[in-house]
Amino acid sequence: MTGICAGRVAVVTGAGRGLGRAHALALAAEGAKVVVNDLGVGLDGAAEAGGPAQRVVDEIAGLGGEAVAHGGDIATTDGAASLIATALEAFGRLDTLVNNAGFLRDRMLVNLDEGDWDAVMRVHLKGHFLPLKHAAAHWRAEAKDGRTPRARVVNTSSGAGLLGSVGQGNYSAAKAGIIGLTLVAAAEMGRYGVQVNAIAPAARTRMTEHTFAETMAAPGEGGFDAMAPENVSPLVVWLSSAASAGVTGRVFEAEGGRITVMEGWRPGPTADKGARWSPEEAGEAALGLLADSEIPQPVYGAR
């Protein structure tokens, strides 16, 4: 280990299992002091017995690192505020926020009810916004007091947010919203020394091991486990560190040994009549532009 995060304090949401746990352990291994947040709920958001956050804290301590547990609901104002306060009270500073918490309630759109839509939006999108809001307020105050931070935010989107995913309308919309939030936060917070990026990971977690069971299956003994969540964490650690200076407002896919910079919406073929189109003219122009444009990638899960 290089100690790339030595002296930094990182908060990781949804860090009791899966990707969040892998990120927390990797950050601690590189010298960060970590606040491990996890509400301790099931895949569908229902309460579970036990304390996954404390178990990860114990793992980190057993490896010689420093960490504290936070069990609050980061999709509430009080929970998000207490998350940031926990870092400041336990370690005296905050350098990195990794927004990772989430769960699934998958349905085809015609079967997706309002409660399942709202629940996924609440945890994924609101659960990114509120910790970011409270962390950003702290960093802005630091900058205004002459202590400009080298702060980092790593948000968690998904291939479903980039391309859509059949049966995951709520999840895809929330993950696409996280990309929009990332771009706005990067633009607004740069003046205060805050860099904001997002990852779209592919890994085996409770959220994917059944939905994409064949793709996510572990290899035989001795093979490279491309879907292990630990493969994603090195990029998260680097984005969380001061070494990533100058990188902000970007989205990365991370899977196995592959890292991809994602390039989002940008102008393609265009036509300008210089006056109002008729519907027939607009349709003819649109078909001509589509013929000159790139074919979009298929939606996840399409058959």
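By axes I mean lines fitted to C-alpha atoms, for helices over the stretch in contact, with angles running from 0 to 180 degrees between N-to-C directions; helices (H or I, at least four residues) are DSSP runs, numbered from the N terminus. This is a predicted model, in which local features need pLDDT of at least 70 and side-chain atom pairs count only at pLDDT 80 or more, while totals for chains, interfaces and linings use all residues. Residues are numbered from 1 along each chain as its sequence is written, and side-chain values use heavy atoms, leaving out hydrogens and water.

Helix α4, residues 114-144, and helix α6, residues 169-189, have axes that come within 8 Å and cross at roughly 15°. That makes α4 roughly parallel to α6, the class for angles under 35 degrees, with over 145 being roughly antiparallel, 65 to 115 roughly perpendicular and the rest oblique. For contact (heavy atoms within 4.5 Å), the α4 residues include W117, L125 and F129, and those of α6 include Y171, I178 and L181. The residues of this α4 and α6 contact divide into 14 nonpolar, five polar and two charged, where Ala, Val, Leu, Ile, Met, Phe, Trp, Tyr, Cys and Pro count as nonpolar, Asp, Glu, Lys and Arg as charged, and the others, Gly among them, as polar.

Turning to α3, residues 77-91, this helix packs with α4 at an angle of about 45°, the axes being 8 Å apart, and that makes α3 oblique to α4. T77, A80, A81, L83, I84 and L88 in α3 meet L130, P131, H134, A135 and H138 in α4, a set with eight nonpolar, three polar and no charged residues.

How values were computed
Helix = DSSP H or I, 4+ residues; strand = E, 2+ residues; numbered from the N terminus.
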